[in-house]
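Hi,

Here is the structure I promised to pass on.

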Amino acid sequence: AEEDFKVAHASHEFVEQSRDFQALRIRLMQAKERLDDATIRAPVSGTILRIFVRAGEAGGQKPLLQMANLDELEVVAEVFQTDVPRIKIGGSARVRSDAWGERELEGKVGEADTMVSTPAMRSLDPLSPADRHVVRVPVALSPASRELAARWLQMQVDVILPVKP
């Protein structure tokens with residue numbers, strides 16, 4: 001009888017432990033699901049440039065982070081509206097900045113925007129015309145130029161565009 005009691009008691013403890021183990025499994029699965037729900041995944045691959053919200057902070061309506069695909073970079077030249085027809089689309093452009101010293105970046109001139117607007121980059125020259133209108137012209141940087149350009153995004157540069165003969 002004592003042996004039967006011990007076996008029954010051991011069986012009872014095993015059942016109790018199994019029940020707790022199953023509950024722990026369920027809680028672990030729920031915790032993993034909550035972690036997956038709280039994890040933010042970018043829809044594309046890229047480089048994180050700046051983080052605005054840290055773990056544990058409420059995101060709200062502001063952006064969480066800023067990221068970019070640094071495999072394809074372009075410079076945007078603001079060209080005076082009357083000069084746009086002279087630009088050679090598909091030609092090689094050069095990009096300069098005092099920050100790079102004598103180095104120049106190279107790129108290929110793309111199609112000019114169809115919108116004429118005021119310059120986004122304001123001139124430091126107080127005598128420059130304030131009412132000028134520009135067209136944005138993209139210059140896709142060459143692979144060799146991307147590494148240097150990726151170090152300082154949104155930098156103001158000088159762009160030398162090819163013109164038609």
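First, a term you'll need: buried means under 20% relative accessible area, exposed means over 50%, and partly exposed is anything in between (1.4 Å probe, protein chains only). By that scale Arg 96 is partly exposed, at 36% relative accessibility.

A quick word on where this comes from: it is a predicted model, so local features need pLDDT of at least 70 and side-chain atom pairs count only at pLDDT 80 or more, while totals for chains, interfaces and linings use all residues. Residues are numbered from 1 along each chain as its sequence is written, and side-chain values use heavy atoms, with hydrogens and water left out.

**Salt bridges**

A salt bridge here is a side-chain nitrogen of Lys or Arg within 4 Å of a carboxyl oxygen of Asp or Glu. The structure has five of them.

Back to Arg 96: its salt-bridge partner is Glu 104, with the closest N and O atoms 2.3 Å apart. Glu 104 is partly exposed too, at 31%. Arg 94 joins in as well, and Arg 94, Arg 96 and Glu 104 make up a network of salt bridges.

Another pair is Asp 83 with Arg 86, at 3.6 Å from N to O. Asp 83 comes out as partly exposed at 30% relative accessibility, and Arg 86 is partly exposed with 48%.

Then there's Arg 136 with Asp 113, where the closest N and O atoms are 3.5 Å apart. This pair ties together distant parts of the chain, 23 residues apart: Arg 136 sits in strand 7 (residues 134–141), and Asp 113 in the loop between strand 5 (105–109) and strand 6 (116–117). Helices (H or I, at least four residues) and strands (E, at least two) are DSSP runs, numbered from the N terminus. Arg 136 has a relative accessible area of 37%, so it counts as partly exposed.

**The nonpolar core**

By nonpolar core I mean a set of buried Ala, Val, Leu, Ile, Met, Phe, Trp, Tyr and Cys residues joined through side-chain atoms within 4.5 Å. The largest one has 19 residues, and Val 79, Leu 105, Val 109, Leu 141 and Leu 161 touch the most other members. Strand 3 (74–80), strand 4 (92–96), strand 5, strand 7 and helix 2 (143–149) each supply at least two residues. Strand 7 gives the most, with four.

Cheers
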